[in-house]
Amino acid sequence: MHVKSKLRKHFRQQRKTIADKSKKDFLICQNVIKSDLFINANQILCYYPLQDEINTLSIVETAFKYGKRVALPYCTDDNGNMEFYYIHSLDDLKPGSYDIMEPDTEICKKVADFSNSLCIVPAFAFDKKGFRLGYGKGYYDRFLKKFTFNTIGLCYNSFLNDSLPADDYDIAVKYIATEDKITLCKEDK
């Protein structure tokens, strides 16, 4: 079994048994919401959480409350390509690829301008350089390769590693939010 596959299996198991999940999710999201990254962004690119992922719905609701534009990903194919669509409420979502709630593209408008965006990035785990261990399909790596804006990975303290295996095509996030704080990722020298 490939190293990343073994790590995914390990973190998937760990995530299912995380203690005080709701409290930790709340603290992580509060750190994002209170950050200058969130406050200064005009639009928030977020994800709809799977049951064992960090629950981002408070970030989405707060963004709506402050009049920010909110967009969620829509998987356009099975080859790791996705686009973001604006939503006006959670009612604009429907089950999509991999049973993940996605914007209804019949009623939602595709994002064309990503200026002044903050992208919230999911993963099983992150390392201190900002590399992520995702689901292995490459959706976020392909998307993030095309744009330059602030990116923040959400991660439990216990899932933040000194180093994770990274391939040439892996794109690191700029910041990581944990229960304790938001940190700027260390770049390789």
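**Note on the predicted model**

1. Residues 24 or more positions apart make up 69% of the protein's contacts with a separation of 6 or more, a contact being heavy atoms within 4.5 Å. This is a predicted model, in which local features need pLDDT of at least 70 and side-chain atom pairs count only at pLDDT 80 or more, while totals for chains, interfaces and linings use all residues. Numbering runs from 1 along each chain as its sequence is written, and side-chain values use heavy atoms, with hydrogens and water left out.

2. The protein contains five helices and twelve strands; these are DSSP runs numbered from the N terminus, helices being H or I of at least four residues and strands E of at least two. Its radius of gyration, 16 Å, is close to the 16 Å that the globule rule gives for 189 residues, so the protein is as compact as a globular protein of that length. The radius is taken over C-alpha atoms, and the rule is 2.2 Å times the number of residues to the power 0.38. The C-alpha trace spans about 40 × 35 × 35 Å along its principal axes.

3. Of the 189 residues, 46% count as buried (buried is under 20% relative accessible area, exposed over 50%, partly exposed in between; 1.4 Å probe, protein chains only). The accessible surface is about 10,100 Å², with 47% of it belonging to carbon and sulfur atoms; areas come from the Shrake-Rupley method with a 1.4 Å probe, and for residues only the protein chains shown count as cover.

4. Serine 35 sits in the loop between helix H2 (21-33) and helix H3 (36-39). Serine 35 counts as buried because its relative accessibility is 11%. A polar atom of its side chain lies 2.6 Å from the backbone oxygen of valine 32. A polar contact here is a pair of N or O atoms within 3.5 Å; within protein, one must be able to donate a hydrogen and the other to accept it, and residues adjacent in sequence count only if both atoms are side-chain atoms.

5. Serine 89 is in the loop between strand S3 (82-87) and strand S4 (93-95). With 24% relative accessibility, serine 89 counts as partly exposed. Its side chain reaches the backbone nitrogen of aspartate 91 at 3.1 Å. Asparagine 31 is 58 residues from serine 89 in sequence and 22 Å away in space, C-alpha to C-alpha.

6. Glutamine 14 belongs to helix H1 (residues 3-16) and, at 37% relative accessibility, counts as partly exposed. Its C-alpha atom is 8.9 Å from that of phenylalanine 159, 145 residues apart along the chain.
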